[in-house]
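Please examine the sequence and the three-dimensional structure shown below. The paragraphs after them lead from the overall fold to individual residues.

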Amino acid sequence: MSADRRAHWEQVFSSRAQDRVSWFEASPETSLRLIRSCGLASDACILDVGAGASRLPDALLREGFTSIAVLDISPSALEQTRERLGPLARSVRFIVADVASWRPDFPIDLWHDRAVLHFLTDGAERAAYAEALRSGVQAGGYAVIAGFAPSGPERCSGLPVVRADQSALAALIGPEFELLDAFEQDHVTPGGVHQRFLFTRFRRGTAQS
Ligand SMILES: C[S@@+](CC[C@H](N)C(=O)[O-])C[C@H]1O[C@@H](n2cnc3c(N)ncnc32)[C@H](O)[C@@H]1O
């Protein structure tokens, strides 16, 4: 795990209120819509990588999902989620890891990423991310990946980002994944700034499909 990277994010989450960071969403509606459209069973395993202190696990629990995992490089971010969820946190798996050097040791039905891949600017790290995704997501499983669109900001949280289009994301995660959805959307930060995001949804083919 990169110590500098972890220190950066620990500093962010230990010094900023959850609802004041630029990526804050009171309710992750677009992610939820894309997840719902996959028609997963309630016991499907949903992993949110780079989850931060996002409200996604709260919403997924409300939707009835019973196998939710959140991964982040910042222990403080995950602690905020644990505290917010209270007793419900017992139903969520918390993983402190750098997604660029982590390998799943459990099968994943849906991999969700809102604004973490775009921080991986090194080609080898992006390839390692894709390898982790491919090793975890089962045939018939899904990947929902959102990051800054090609016309979006060049930096996030003071760090440079890669603004990929859907073709670049498809090439990164590999031909076994079919692109089902791709659309751009503005996120409005708590400070009122508009940031252009690209949302994508992929499905991993089965032997029959
Ligand atoms: C822009 S925030 C997005 C948080 C969350 N997905 C959301 O939509 O609210 C990026 C998150 O990725 C985490 N992160 C950054 N680099 C990471 C890495 N290499 N591995 C795991 N998490 C990382 C940060 O700690 C932070 O929580």
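The account below begins with the chain as a whole and then turns to its core, its strands, the ligand and selected residues.

This is a predicted model, in which local features need pLDDT of at least 70, side-chain atom pairs count only at pLDDT 80 or more, and totals for chains, interfaces and linings use all residues. Residues are numbered from 1 along each chain as its sequence is written.

The chain contains six helices and nine strands; helices (H or I, at least four residues) and strands (E, at least two) are DSSP runs, numbered from the N terminus. Along the principal axes, the C-alpha atoms occupy a box of roughly 50 × 40 × 30 Å. Of contacts between residues at least 6 apart in sequence, 70% join residues at least 24 apart, a contact being a pair of residues whose C-beta atoms, placed from the backbone, lie within 7 Å.

Buried residues account for 37% of the 209 residues. A residue is buried if 20 or more other C-beta atoms lie within 10 Å of its own, exposed if 12 or fewer, and partly exposed in between, with C-beta atoms placed from the backbone. The largest nonpolar core has 50 residues, and Ile46, Leu110, Trp111, Ala143 and Val144 touch the most other members. Its largest share, seven residues, is supplied by strand β5 (residues 137-148). Such a core is a set of buried Ala, Val, Leu, Ile, Met, Phe, Trp, Tyr and Cys residues joined through C-beta atoms within 7 Å. Leaving aside residues up to four places away in sequence, Trp111 touches Leu47, Val49, Leu133, Gly136, Val137 and Ala143.

Strand β5 is largely enclosed by the rest of the structure, because nine of its 12 residues are buried. Strands β4 and β5 run parallel and are joined by six bridges; strands pair if DSSP finds at least two bridges between them. Within this pair, Arg114 stands opposite Ala146 in β5. Strand β2 (residues 67-72) has five of its six residues buried, so it too is largely enclosed by the rest of the structure. Five bridges connect β2 to strand β1 (residues 45-49), and the two run parallel. Here Val49 faces Leu71 in β2.

Which residues are closest to the ligand? They are Trp9, Gly50, Gly52, Ser54 and Arg114, among the 20 residues that surround the ligand. A residue is near a molecule or strand if its C-beta atom, placed from the backbone, lies within 6 Å of it. The shell comprises 11 nonpolar, five polar and four charged residues. Ala, Val, Leu, Ile, Met, Phe, Trp, Tyr, Cys and Pro count as nonpolar, Asp, Glu, Lys and Arg as charged, and the others, Gly among them, as polar.

Most residues other than glycine have a negative phi. Ala115 has a positive phi, near 70°, and lies in the loop between β4 (108-114) and α5 (123-136). Ala115 is buried, because 21 other C-beta atoms lie within 10 Å. Ser157 likewise has a positive phi, about 55°, in the loop between β6 (155-156) and β7 (159-160). Ser157 counts as partly exposed, because it has 15 C-beta neighbours inside 10 Å.

Technical notes. Contact = placed C-beta atoms within 7 Å.
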